[in-house]
Amino acid sequence: RDEGSHCILDGGKYGSFGWCFTSKSKQSWGSCAESCPLFGPFKVLDAKIDKSDSELADTIGAAAKKVLADIRQHNNHNNHSN
């Protein structure tokens, strides 16, 4: 079931990342690695993780900007009070 773009898992028989054909003629194959492309439900899960990671980074960035703005405002207020 290799379409030339993903690895075949085969229940861990050929390693935890499966195997894939390494030639267009499908005469040779090898073990897949962590860098091989995902497919099916793993690809869907990876996309969801990437989206969540991006949303979390945006949220943390916005919170950090707010904290810095609050600190600057507090410092400016204290400088003008003295």
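A disulfide, as used here, is a pair of cysteine sulfur atoms within 2.5 Å. The views come from a predicted model, in which local features need pLDDT of at least 70, side-chain atom pairs count only at pLDDT 80 or more, and totals for chains, interfaces and linings use all residues. Residues are numbered from 1 along each chain as its sequence is written, and side-chain values use heavy atoms, with hydrogens and water left out.

**View 1. Cys7 and Cys32 form a disulfide.** Their sulfur atoms sit 1.9 Å apart, and the count by this rule comes to one disulfide. The S-S torsion is about -105°, so this disulfide is left-handed. The pair ties together distant parts of the chain, 25 residues apart: Cys7 is in the segment before E1, while Cys32 is in the loop between strand E2 (29–31) and helix H1 (40–81). Helices (H or I, at least four residues) and strands (E, at least two) are DSSP runs, numbered from the N terminus.

**View 2. Here are the two partners, Cys7 and Cys32, again.** Cys7 is buried at 5% relative accessible area, and Cys32 is buried too, at 9%. Buried means under 20% relative accessible area, exposed over 50%, and partly exposed in between (1.4 Å probe, protein chains only).

**View 3. Cys20 is in no disulfide.** For Cys20, the nearest cysteine sulfur is that of Cys32, 3.7 Å away. Cys20 counts as buried, at 16% relative accessibility.

**View 4. Ile8 lies in the segment before strand E1 (19–21).** Ile8 is buried, with a relative accessible area of 12%. Take Pro37 as well: Ile8 and Pro37 are 29 residues apart in sequence, and their C-alpha atoms are 11 Å apart in space.
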